[in-house]
Amino acid sequence: MYKRILNPWVGQEEYNCFGCSPDNPIGLHLQFWAEGETVMGRWEPGTNYEGWKGVVHGGIQTTMMDEAAGWWVSYNRQIAGVTSKLEVKFHKPVRVCDGTITLKVSHIKDLRSYVVLRIELFNGKDELCSTGEFTFFQYGKDISESEFSFKPFLLED
């Protein structure tokens with residue numbers, strides 16, 4: 001059973017992440033859940049995020065996948081990480097009218113200070129629309145705390 005990952009930055013001064021801040025007026029307001037090592041996110045698409053009429057912009061899809069991968073690193077490794085490399089494949093259009101988008105992140109492999117993740121993006125009909133392979137550089141605990149103000153990612157009770 002998935003449990004919601006609590007956002008440790010909510011209420012912090014100057015926290016305005018486009019992907020996950022609930023207070024960013026033009027942001028995505030993404031939230032994430034975890035079960036084991038798998039991280040899952042859900043998002044309600046709207047017409048403000050279209051590319052072509054009725055279709056969620058590919059850059060917005062990529063942003064959602066990038067944010068989900070970052071949350072996987074933060075939750076599972078309890079450290080900060082940054083995107084080093086990404087490859088996204090768009091298999092079919094994600095239509096706004098299809099409803100809630102679901103993101104699923106899974107671990108592929110570790111490469112020294114890097115982790116490689118697979119992200120799947122499903123439309124509201126549970127059809128696989130986009131996939132991504134993201135490589136994240138993982139900072140150590142000291143740098144995560146001193147440079148990124150990292151706080152532990154915990155699950156809701």
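**Figure 1. F150 and F153 in the predicted model.** In this predicted model, both F150 and F153 are buried. Each falls under the 20% limit of relative accessible area that defines this class. The two phenylalanines belong to one aromatic cluster, together with W9, Y15, F32 and W71.

**Figure 2. Aromatic pairs, with F137 and Y139 as one example.** The model holds 10 aromatic pairs. In one of them, the ring centres of F137 and Y139 are 5.0 Å apart and the planes meet at 85 degrees, so this pair is edge-to-face. F137 has a relative accessible area of 24% and is therefore partly exposed. Y139 is also partly exposed, because its relative accessible area is 22%. In the pair formed by F150 and F153, the centres lie 5.6 Å apart with the planes at 10 degrees, so the rings are stacked. The cut-offs behind these two labels are under 30 degrees for stacked and over 60 for edge-to-face.

**Figure 3. The largest nonpolar core.** This core contains 38 residues. The members that touch the most other members are I5, W43, M64, L103, L117, I119 and L121. Two or more residues each come from β2 (31-35), β3 (38-43), α1 (58-77), β5 (101-111), β6 (114-122) and β7 (128-138). The largest share, nine residues, is supplied by α1. In soluble globular proteins, nonpolar side chains tend to be buried together.

**Figure 4. Surroundings of M64.** Leaving aside residues up to four places away in sequence, M64 touches L28, L30, W43, I101, L103 and L121. M64 itself is among the core residues that touch the most other members, as are W43, L103 and L121.

**Figure 5. K104 and the ring of F122.** The charged end of K104 sits over the F122 ring. Its distance from the ring centre is 5.4 Å.

Figure 6. Most residues other than glycine have a negative phi. E14, which is not a glycine, has a positive phi near 70 degrees. E14 lies in the loop between β1 (3-4) and β2. Its relative accessibility is 77%, so E14 counts as exposed. S149, likewise not a glycine, has a positive phi of about 50 degrees. S149 is found in the segment after α2 (141-148). With a relative accessible area of 41%, S149 is partly exposed.

Definitions and conventions
Residues numbered from 1 in each chain as written. Predicted model: local features only at pLDDT ≥ 70, side-chain atom pairs only at ≥ 80, totals over all residues. Heavy atoms only, no water. Core = buried A, V, L, I, M, F, W, Y, C linked by side-chain atoms within 4.5 Å. Buried < 20%, exposed > 50% of the residue type's maximum accessible area, 1.4 Å probe, protein only. Helix = DSSP H or I, 4+ residues; strand = E, 2+ residues; numbered from the N terminus. Contact = heavy atoms within 4.5 Å. Phe/Tyr/Trp six-rings, centres within 6.5 Å; stacked < 30°, edge-to-face > 60°. Lys NZ or Arg CZ within 6 Å of the ring centre and 35° of its normal.
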